[in-house]
Every structure is written in structure tokens, then in C-alpha cells.
Amino acid sequence: MSSGSRAPAEQLRVFADYRGPVREEADVAVVGSGPCGAVAARELATRGLRVVLLEEGPPLSARDIVLDGALSMTRTMREAGLRATRGTVMPTMQAIVLGGGSFVNSAICVRAPDFVLDGWCEVAELSATSRKDLDPHYDAVAALSGVAPTPDEVQGRRNLLFRDGCRALGIPSEPIERNVRGCRGSGECFTGCRSRAKQSADLTWIPDAMRHGARVLTSVQIQELLHERGRVVGVAGRVAEPFTGRLSHPVSVRARAVVLAAGVMATPVLLQRSGNLANRSGQVGENLQFHPGVAATGIYPEPTDPWFGATQGYQSLHFVRDGFKLETLWAPPGVMSVRTPGFGHELKRRLAEIRRSATFDAIASCHRSLGRVRARRRGLDPAITWRLHPDDVDILMRALHVLCRLHFAAGAEKVLPGVHGAPDELFREEEAEIFVRRRFGPGDLVTAGNHVFGTTRMHGDPRRGVVDEHGRCHDVENLFILDTGIFPRSPGVNPMLTGMALARRGAHALADQLGGRSAPEA
Amino acid sequence: MAPSGVVLLALALALVGAALALRGFAYPRPRPPGPGGGPWRHLGRMEVAFVEAAADTLFPPGGEIPPSGSEAGVAAFLDRYLDAVPAGVRRLMRLLLVLVEHGTLLFPAPGWNGFRRFSALSEAQRVAALDGWRRSRLFPRRLVFTSLRALLAMGYLADPRVLRALDLAPRDIEPVVTEVDLLYPPVGAGREAIPWTEADLDRGGHRPPLGPDTPLHPDYRDPTPAAGGGRA
Ligand SMILES: Cc1cc2nc3c(=O)[nH]c(=O)nc-3n(C[C@H](O)[C@H](O)[C@H](O)COP(=O)(O)OP(=O)(O)OC[C@H]3O[C@@H](n4cnc5c(N)ncnc54)[C@H](O)[C@@H]3O)c2cc1C
Ligand code: SF4
């Protein structure tokens, strides 16, 4: 996406640059450099506005990438990657690094289907958020991010087995579209792309924002929004040391407007910490939703070399209307091993089978499973409560049943479903019937939820939502929220691209409001 | 929580308290972690003894992957890992170790032969004790097992020998220098530490997908000369 000229280095500040208090002024302060905040910053900058983008995490150079999954998480994820919900206990990860989730994610880019967005418009009383309304924004963010289908040469065997299984069962499937350029199939998206192929925000949107004049302050933890007489006037926080989080010099940015894009967990906490700002609706921190995932590992007669291939290369959208989406999955061995049952020589034998394995996963919309985010007494880490609804467990079990069938259809010798109360290993397709014949509870599943929404949801009615469909706070006209927290409910598919499209639209609405120069040709 | 759950929890907490008070007695001084021989940063005697016992129960020596849990340096890994996690999480993790080490008092293993902590049990009893946590009807007990197992497995699968045996060791990927590599210094350093110049910038061109012949990353190669540089 480079426009030819280099991003000016003096517009970036890293931890080593801070020698004392920091004071800045801008038209817009953008908090959070994940895919949504980065898009917002870049779009605002292209409109001639003076933008300061603030990020708590550091930029990671290729040399900072740690290959071990567990140690990598301690550096790139909040709470060392060990954050979990209360109520139904489920791990959930949020990044703390320049580029946010786009640095650690699998680069899956999917547009929310028409029926999902029509559903949003209906439940949240929106008038301009249909697929037709969002398509120009999807087109623009996809083009700049290099979104394209995963080519066969980097699919690797485990992704193609998914395709084979779908074909055998007559289930439509396709190569996943991802924001990558020149992927080499290292399967390491989770720890960061050493090949610099993944077009995460730190490689694309952020340097481009700088080319358009944005200043980027990394290693800055914003702690509150400054407001006077119903308007925000800036943000304040402190310099935060990378990895340790140790706080030092004060930082303040005075601005005509603020964009909060700190993510679903951090944005509501910042509002709560700022005198419960923008919360006349009482909805800040409410309506928390996830895409809980389940996975099944198939063991095949021949080696699959699972370390090779795009981290997640194939998918099926066939069941999205039924509430789940199917994909392939790979993660660092230490993380994958958590799913391998047993111990002793039995465990070792099963680990040795990883080289003949393929793992497929399903993410489910789980509209009935709700939670909330609250600020703790100290610090900015959220207290997260969430409960997996029994009816949503049934959907997850149905999804698991399909995953097991896919494996057997693709030729697996056996399948490891990872469910308490079911056999550790299934050897025949009929054995997987247990997942649709018996009722399981939330505690029986090994699940995780890294797609998060809803804690500052958009709603046409200011009494029922925090922002309007452009991300503008109903209560504070010059405060915009542009992260995936504004989704009124699940997008049914992976959320990043939809978050970016909404951020682009919101940024232009804010630029119009501030009298930014006209939008450049796409 | 049901009354039995409250009683159980109170007992477990009392147990953990007593164990913490007695920590260190009756445990041998552990070997230093790693070949560098530096001191243990977080794990005490009791925790090292427990982690090694539990790691060897999960990953006994021999079989398809030769190193045992203790040979793979799981305890040293855990010590390093604890160093990198926030203090609150660290406390919880250490509590987890204490809980399973002394949980045998509350949940005795089959063939019970007096009050013995986990690391003092026979191999068969350790297997039975861990299986008790794993198959429990109580979700919190299963959660304890899952968390412990995850920690130990992460440590085991961090060992280059284990990864080589599984053919899962990371490959050597030549650095691709892009615009941002001239912009972002290594974490903690200033811009003067950026090792690249304009001349190093990637000129594009096709880089082939990785494959079975791609050499291993240097940190994961077999250092023994007979291994011939540790190619994949
Ligand atoms: C492991 C993993 C894999 C995933 N895979 C995919 C995928 O393949 N496709 C997909 O569509 N989605 C995926 N997701 C989800 C996707 O990454 C997120 O939905 C997306 O990153 C959300 O973007 P965001 O900008 O709203 O928030 P985030 O990406 O969370 O960014 C928020 C940023 O704000 C910063 N921040 C927070 N608080 C403060 C503060 N107080 N001061 C300063 N900065 C702050 C954070 O450090 C962070 O960088 C994945 C997520 C994870 C964790
Ligand atoms: S699979 Fe590997 S090369 Fe491809 S985008 Fe992910 S990390 Fe980069």
C-alpha cells in the first residue's frame, strides 16, 4: 500500500525517546493502534487533520519476535495471554503491541454476510449499515490491506484436508481471504510474521498514516479522557515500559476530538474510569459477546507436516445461518498440545501423532451468551463476567459433530474432540453422534474466545446504545468509538475486516464534522 | 456454591496455607536451572521438586519422544515463564503448584499409604493422583488439572530436542527488510540500534514457500556435530 515516500521516522516515538513529561496537541487523538484505530488514524490524516495515535504497546521489530508460543504471549498479549472470563471460565486474548490484534491474528478477512448486517439494522434500529452501505468501505480497506484468497502453494496438507472433507460431504468451502503479501506458509501468524508477509496495521496503515502527517506515540498508556461541559478535550496517561508495564512520565494530548479504539475490553474501562463518561444509556461495558470456538483434531495415516501452510487457510461459510463458521487451525506446538488428552507414554504417543494431524475449528455466534466488562478498583485490566448459554452449547456441539464428520470424510484414522464426558478418541463417524444425542454443559468444553464485541454497542436509540452507527457517542458529540465494541452483536464471521470498514466510515464522519479537507480519491 | 463445595474450598485453602508455611522443609536443594547455572528466580525447592515430579509423570523418559519432562527442562522453563508474567498471575500459578503438591491430603491417590505429598508418591500413585484431578466430577478440580497440564506441556514443547523429535521445530527464515524495519528499533532501544539501511530493503520478488528442506532455525538445531548442522 506504500505511496512511494517513506514514513518520516521523527513522527514515531518509542519508549527510549521519552525523557520527561509529554504534551501534545492535535485535531484528533486516537487511542489504540489495532486494525480499527490504525484505519481511523490513517483516514483522518488523509483528510488533512492533525492526528496523534496513542498505543500502550511497543512496535515489534522482526528481531523481537519470540518463536516459543508461551513466551511470545507474555510479550504480545495483555495479562501475559492468560486473561479469562468469570462465570463460564473461558480464555480470551487481547494484544498489547503496535498494530493490536492484527499483529498476532491469522489475517482472516471476511465480510459480514447481508443477512447478519440486516439483522443488526433490525435489532439496533440502524438505517445505513446494510452490506450495500458497507461495501465501499470493505472494498477500500481490503484493497489497502492486500486481501486475497490463500493460494494453493501455501495451503499445506492440513488445510487441503479440510477442503477434501468438505468436498466429500458436499459442504461448500473456499480458501480463506487474508491480508497478506507473499505468505510463505510458516504457520506462525500467532507469534508474528517473520516473513513480513502479514499486512498487520503496524506494517501498513500506521506508516501510511505517518506519511499523511500522523504522529504515533507508542508505549503510552492512556488512563482517562479529559472532558469539560459535555465535550472531550483530550486524553491523559503515562509512559509505559514495554513488557513490564512500569509507568513513568505523564502524557497529555489536547484535542478537538477523541477516537477510542482501545478494544472491546479496554474502551469501556477507560470510559468508566473517566467519570462514567458517555454512559447515560447504562450500556457501557454491557452486552459483551464472544465467538467461542471448539476444535477437533484428526489423525491421518500419512504425515501432514502441520507446521507448514497458512496458519488458517480454508473455511466454510455454509453453516453461518445456523450460528457457526468452520475453519482450519494451527498454533504454536505448546498451545496446540493443550488439546492433546492423557498423560505418560499415552500422551507422548499422541504428541508424536501431531505430525500426522490436522485441526479444524468452529466459531459460533452465541447471541444468547452475554457478559459485561467492569473497571477493577486499580489498574486498567478489566473484570470480565460472561456466561455460555446452554442453547449455545448445543450449537457448539453441533459444530463439533460436523468437524468430526469432516475429518472422517477426509480420511482420518481417529479424531480427538477434546470434550469432557466424551471419549478422548473417536474411531468411527457414528461415535461422533454423541455430540448431538447427549446434552453437554459449558464446563465440558475446551473453548476460547478471541473475537469480542458489544461493550459500547451502536444503537439508533440513544437510550439503548452508546454510539450511533458512525461510532459517534450519543452523549458526547466529539467522542467517537471505533473498535469492534460497537458491533451490536456478532458479525457471524471473523470480525477484523468489519471493524476496519466501520472505522473507515466513522473516521470520515468525524472528519466531516471537524471540517477536514475533502476525501482523496480511493 | 453448594455447602460441600464451600467446605472443600476452605479445606483446600487451609492446606495451601499450611503448606506455604512449611515450604522448603524436607525438599532437597534443586540443581541450578539451565547450563548457565544461575539461581532460580521464582521457584523454591518445593516447587522445583513438584514440577519435576509432575513433569515426569506427564512425560516419562523414553518412548516416542526421548526426553522426560525434567530432562526437557520444564522447571527451568516455568521459572523463566513466571518471570515474564504479571505478579498477580505468578502468585496464582505458584498456588496451583502448591495445591496439587499437597492436594493428595484431600484427594488421596488409590493405594493410599499415609499422608504423602505428590512429589513423594510412587510413580503409579502420581499417575492415579493426576488422573483423579483430570477425571473429577468437580469442574474446579478439572480446571486445576487442565491449567497445570497446559503449563507443563508448554514447557515440554519449548525444548528444541522435543520439537525436533516431533518435526515441529521452527525453520530458518531469512529476514525480509521492509520500510518499517528502518522505522522500528528493537524494543527498548533507540533508533540508532536499527541494524538496517536503505540498501538492505527488500526488492520484492518471489520467495518460495517453506518446505521440508528448509533448514531449522539456528536456536533449534542439534548442536552435536554428528547431526550435521541440524537440517530439518
Ligand atoms: C490470536 C487471535 C487471532 C485472531 N484471528 C483473527 C483473524 O484471523 N481474523 C479476524 O477477523 N479477527 C481475528 N481476531 C480478532 C481480531 O484480531 C480483533 O477483532 C481485532 O484486532 C480488533 O481490533 P480493534 O482495533 O478493535 O482492537 P485491538 O486489536 O484489540 O486493538 C486495541 C489496541 O488498543 C491498545 N490499547 C488498549 N488500551 C489502551 C490504553 N489504555 N492506552 C493506549 N493503548 C491502549 C491495545 O494495546 C491494542 O493495541 C483474532 C484475535 C486474536 C487474539
Ligand atoms: S503463515 Fe507464516 S508467512 Fe504466512 S502470513 Fe502467517 S506468519 Fe506470515
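How many residues does H1(A) have, and how far does it reach from its first C-alpha to its last? In this predicted model, helix H1 of chain A has 12 residues and reaches 17 Å between those two atoms, close to the 16 Å expected at 1.5 Å a residue. H1(A) is mostly covered, with 12 of its 12 residues buried. The buried residues of H1(A) include A:Pro35 and A:Cys36, the run A:Ala38, A:Val39, A:Ala40 and A:Ala41, and also A:Arg42 and A:Glu43. Just after H1(A), A:Gly48 takes a positive phi of about 80°.

Backbone atoms approach oxygen atoms of ligand 1 at several places. A backbone N or O atom of A:Met496 lies 2.7 Å from an oxygen atom of the ligand. For A:Pro495, a polar backbone atom is 3.3 Å from an oxygen atom of ligand 1. For A:Ser106, the distance from a backbone N or O atom to an oxygen atom of ligand 1 is 3.3 Å. The protein covers 95% of the 1000 Å² of accessible area that ligand 1 has on its own.

A:Ser219 is placed in the loop between strand S8 (215-217) and S9 of chain A. A:Ser219 has a positive phi of about 55° although it is not a glycine. Most residues other than glycine have a negative phi. A:Ser219 is buried, because its relative accessible area of 1% is under the 20% cut-off. A:Ser274 lies in the loop between H8 and strand S12 (289-290) of chain A. With a relative accessible area of 3%, A:Ser274 is buried as well. A polar atom of the side chain of A:Ser274 lies 2.9 Å from the backbone nitrogen of A:Leu225.

Of the 13 residues around ligand 2, the nearest are A:Cys183, A:Arg184, A:Ser186, A:Cys189 and A:Cys193. The shell around ligand 2 has 5 nonpolar, 5 polar and 3 charged residues.

Another site in chain A concerns A:Lys414, which is found in strand S19 (residues 414-416). A:Lys414 is buried, with a relative accessible area of 5%. The C-alpha atoms of A:Lys414 and A:Leu426 are separated by 5.4 Å, and the two residues are 12 residues apart along the chain.

The secondary structure of chain B comes to 7 helices and 0 strands. Along the sequence, chain B follows the pattern α-α-α-α-α-α-α. Of the 232 residues of chain B, 44% count as buried. Helix H6 of chain B, residues 139-156, has 18 residues and reaches 25 Å from its first C-alpha to its last, close to the 26 Å expected at 1.5 Å a residue. H6(B) is largely enclosed by the rest of the structure, because 13 of its 18 residues are buried.

A positive phi is also found in chain B. For B:Asp167, a residue other than glycine, phi is near 60°. B:Asp167 is found in the segment after helix H7 (160-165) of chain B. B:Asp167 counts as partly exposed, because its relative accessibility of 30% falls between the limits of 20% for buried and 50% for exposed residues.

Note on methods:
Residues numbered from 1 in each chain as written. Chains lettered and ligands numbered in written order. Predicted model: local features only at pLDDT ≥ 70, side-chain atom pairs only at ≥ 80, totals over all residues. Heavy atoms only, no water. Near = heavy atom within 4 Å. Nonpolar A, V, L, I, M, F, W, Y, C, P; charged D, E, K, R; others polar. Polar contact = N/O pair within 3.5 Å; in protein donor to acceptor, adjacent residues only side chain to side chain. Areas by Shrake-Rupley, 256 points an atom, 1.4 Å probe, with all protein chains shown as cover. Helix = DSSP H or I, 4+ residues; strand = E, 2+ residues; numbered from the N terminus. Expected span 1.5 Å × (residues − 1). Buried < 20%, exposed > 50% of the residue type's maximum accessible area, 1.4 Å probe, protein only.
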